[in-house]
Amino acid sequence: MPEKTCTRNSTTTTLNTDESVFEKLIGNSPAFRRQVEIAKKAAAIDLPVLITGETGTGKEVFARAIHEGSRRRRGPYVAENCSAVPPGLTESIFFGTESGAFTEAVSRKGLFEEADGGTLMLDELNSMPAYLQAKLLRAVQEGQLRRVGGVRDIAFDTRLIASLNEDPETLIREGLLRRDLYYRLNVIRIDLPPLRERKEDIPLYIEAFLREADEKYGKKFCGLDKNSVEKLIKREYPGNVRELRNLIEGAVAMSGGEGLLHLEDLD
């Protein structure tokens, strides 16, 4: 990225709703743009989507863009990280409960019912216990679920988007992902490349995250100096895009200056 003068032009582009939501998917590298095109097609059809990619590659951002670009955009978007759900509450959180199912239980909707008419995003699906993966498979296939303690099936209309942060075949071999569930969800597949494999996109992220942090913290930086950008491009980013975003935000928040942001502000 060349040295910048401290001016920033503001332009406004009007796009159709279905297209504008994909603007937030930053990147021009061929591998990344292929996945964006798949996401656009996924938004136009109402089928399950499986998104794979390392932690921090933007799986949830893609899922939300697909929802917002689909016919379900006016319905709810519900996202849940399966690894963050307490083990003893997993089934009730996903499928809901009926009064009397256990001590102090009340009738309550689960995530599938909460997302009825919209989209349910299940992140790190492989963290879900195997027995619940079987129940999930049945629910997805039949469009019905049974709450914990319930005696009747409840129909729902929820589009499922699931994500994995490891290779699916490896997860299947290790017994962490049911093969039949994988086949059911792998209708539309999006594979997000790690940031280290598309370093040509790093300057785009730097500019976007710098603008975002400027607005959040009331700063007036107009860019990074050339040496800082070059050093950032050389980083390996085990935390991927999320790592770069946090790095830029932290640097802006801690710096009291304006103009060009220098590497010493990032260390």
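**Aromatic cluster**

I looked up the ring pairs first: Phe95, Phe112 and Phe156 are linked by them into a cluster. I counted rings of Phe, Tyr and Trp (its six-membered ring) as a pair if their centres lie within 6.5 Å, with planes under 30 degrees apart as stacked, over 60 as edge-to-face and the rest as tilted. The model is predicted, so I note that local features need pLDDT of at least 70 and side-chain atom pairs 80 or more, while totals for chains, interfaces and linings use all residues. Residues are numbered from 1 along each chain as its sequence is written, and side-chain values use heavy atoms, with hydrogens and water left out.

The search of the whole structure gave 5 aromatic pairs. One of them, Phe95 with Phe112, is stacked, at 5.7 Å centre to centre and 15° between the planes. Phe95 belongs to helix α4 (residues 90-95) and Phe112 to helix α5 (residues 111-114), so this pair ties together parts 17 residues apart in sequence. Helices (H or I, at least four residues) and strands (E, at least two) are DSSP runs, numbered from the N terminus.

Phe112 and Phe156 form a tilted pair, 5.2 Å centre to centre with 55° between the planes. Phe156 is in the loop between β5 (154-155) and β6, and Phe112 in α5, so the parts tied together here are 44 residues apart in sequence.

I checked burial (buried is under 20% relative accessible area, exposed over 50%, partly exposed in between; 1.4 Å probe, protein chains only). Phe95 and Phe112 are both buried, and Phe156 is buried too. I also found Lys135 over the face of Phe95, 4.7 Å from the ring centre; the criterion is NZ of Lys or CZ of Arg within 6 Å of the ring centre and within 35 degrees of the ring normal.

**Strand β3**

I then looked at β3 (residues 119-123), where 5 of the 5 residues are buried, so the strand is largely enclosed by the rest of the structure. Thr119, Met121 and Asp123 point one way, Leu120 and Leu122 the other. In a regular strand the side chains alternate between the two faces of the sheet.

Strands pair if DSSP finds at least two bridges between them. β3 pairs in the parallel sense with β2 (residues 77-81) over 5 bridges, and 4 bridges join β3 to β6 (residues 159-164), also parallel. Leu120 stands opposite Val78 and opposite Leu160 in β6.
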